[in-house]
Amino acid sequence: MGSSQSALNFGAGPAKLPREVLEEVQREFLSYQDSGMSLIEMSHRSKEYTKINNDSQSIIRELLNVPSNYKIIMMQGGGCGAFAAIAMNLLNRTGTADYAVTGTWSAKAAKEAAKYGEVNLVFPKANKPGSIPDQSTWKLNPNASYVYYCDNETVDGVEFPYIPETNGVPLVSDMSSSIMTKKLDISKFGVIFAGAQKNIGPSGVVVVIIREDLLGNPMKCCPSVFDFTHIAKENSVHNTPSTFSVYVMEKVLQWIKKNGGLEEMQNQALQKSSLLYNTMVQSQGFYSCPIDENCRSRMNVPFRVGFNGGDEKLEELFLVEAEKLKMYQLKGHRSVGGIRASLYNAVSLADVQLLVKFMNEFQKQHGSK
Ligand SMILES: *Cc1c(COP(=O)(O)O)cnc(C)c1O
């Protein structure tokens, strides 16, 4: 990479952030608001950080229209920390929880939760990868503490086109790679959590939006740093937060607001992903996507290069040629291979148009049957 010029970054996470935000952070880095100190040198109880902490929560509440009976908290431990935290905070209710496993991250979450109680998979694991079984076939347990699903499977490229119906059982959603990319009716959820590093900031902070009545019943074993009730009570400064991460996240959220909010992010996401999926259709099989059409992700688009389901040699060449054009982080996750283009909020339509132009040229050169 090595150059100071902006790259075309299609990485899955940590991922591209708005250039404007990075420049603002750079300008402020040595002296935050003319204090002569960097924000990262200031106490998390300073008036400066207190404002950032409170403003972050307000802008999340505003952008997502979060009702007043929900708390917004921020913690560390990444998405994977949240897998355990969800179980330790909610599983106490009945000791059993329902998990919809649609890919890599929900599978990990279910495995983690099983350390703390009973986990029921609402459809068999053998389910065809790259699909979501019809809700009428889900085996939901009315006694479950919660129903868990991953809104967008970042590795696999599977996104829920709807919010699951749970008949009153609290719904928990991992939105690490889809938060702030579409409008949501928050009242349908018990808990939403999201690691920031896919769409809204650097790594180091996880946003948790939780309905108040679900607080207050953590397991005894739950560490305080994962205890939603405790963190909420302490306004997310129970201990030293990743102040830098929260600070950058708040700027990214302001950028989203300035650029048309979730409605515009949603429009853009649809345009960008449709462009890519349509390119595959037009390639007549040179590019192919293994995911069912009704649940193709607008955020992470996995595809294969080469007729008859992909050719690894051709994919290697594709990555080499892409890098020559400064298109980076297009390699598929190590568990699935192929190519993956991630199209988070900071990736522009123009970026995707350049990718598509490259794909068409690559096919012209290497795609004769
Ligand atoms: C990246 C990701 C995670 C894991 O996040 P870490 O911060 O690396 O633990 C979990 N869920 C989803 C949907 C993700 O995209």
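The legends below describe close-up views of a predicted model.

Residues are numbered from 1 along each chain as its sequence is written, and side-chain values use heavy atoms, with hydrogens and water left out. Local features need pLDDT of at least 70 and side-chain atom pairs count only at pLDDT 80 or more, while totals for chains, interfaces and linings use all residues.

View 1. The protein chain is divided into domain 1 (22-258) and domain 2 (261-366), with bounds that come from an automatic or database domain assignment. Their centres, taken over C-alpha atoms, are 27 Å apart. Contact, meaning heavy atoms within 4.5 Å, involves 25 residues of domain 1 and 22 residues of domain 2. The size of an interface is often given as the accessible area lost when the parts come together. For domain 1 and domain 2 the buried area is about 2100 Å², and carbon and sulfur atoms give 52% of this area; buried area is the accessible area (1.4 Å probe) that two parts lose on being put together, summed over both.

View 2. On the side of domain 1 that touches domain 2, the elements giving two or more residues are helix 2, strand 7 and helix 6 (243-258). Helix 6 gives the most, with 3 residues. By class, this side of domain 1 has 9 nonpolar residues (Ala, Val, Leu, Ile, Met, Phe, Trp, Tyr, Cys and Pro), 7 charged residues (Asp, Glu, Lys and Arg) and 9 polar residues (the others, Gly among them). The interface also holds 2 salt bridges, a salt bridge being a side-chain nitrogen of Lys or Arg within 4 Å of a carboxyl oxygen of Asp or Glu.

**View 3. The salt bridge of Glu 159 and Arg 298.** The closest N and O atoms of Glu 159 and Arg 298 are 2.8 Å apart. The pair links distant parts of the chain, 139 residues apart: Glu 159 is in strand 7 (residues 158-159), and Arg 298 is in the loop between strand 11 (287-288) and strand 12 (300-305). Helices (H or I, at least four residues) and strands (E, at least two) are DSSP runs, numbered from the N terminus. Glu 159 counts as buried because its relative accessible area is 3%, and Arg 298 is also buried, at 12%. Buried means under 20% relative accessible area, exposed over 50%, and partly exposed in between (1.4 Å probe, protein chains only). Salt bridges that share partners join Asp 151, Glu 159, Lys 182 and Arg 298 into one network.

View 4. Asp 55 is partly exposed at 24% relative accessibility, whereas Lys 51 is exposed at 51%.

**View 5. Asn 360 in helix 9.** Asn 360 lies in helix 9 (residues 349-366). Its relative accessibility is 37%, so Asn 360 counts as partly exposed. Met 280 is 80 residues from Asn 360 in sequence and 9.7 Å from Asn 360 in space, C-alpha to C-alpha.
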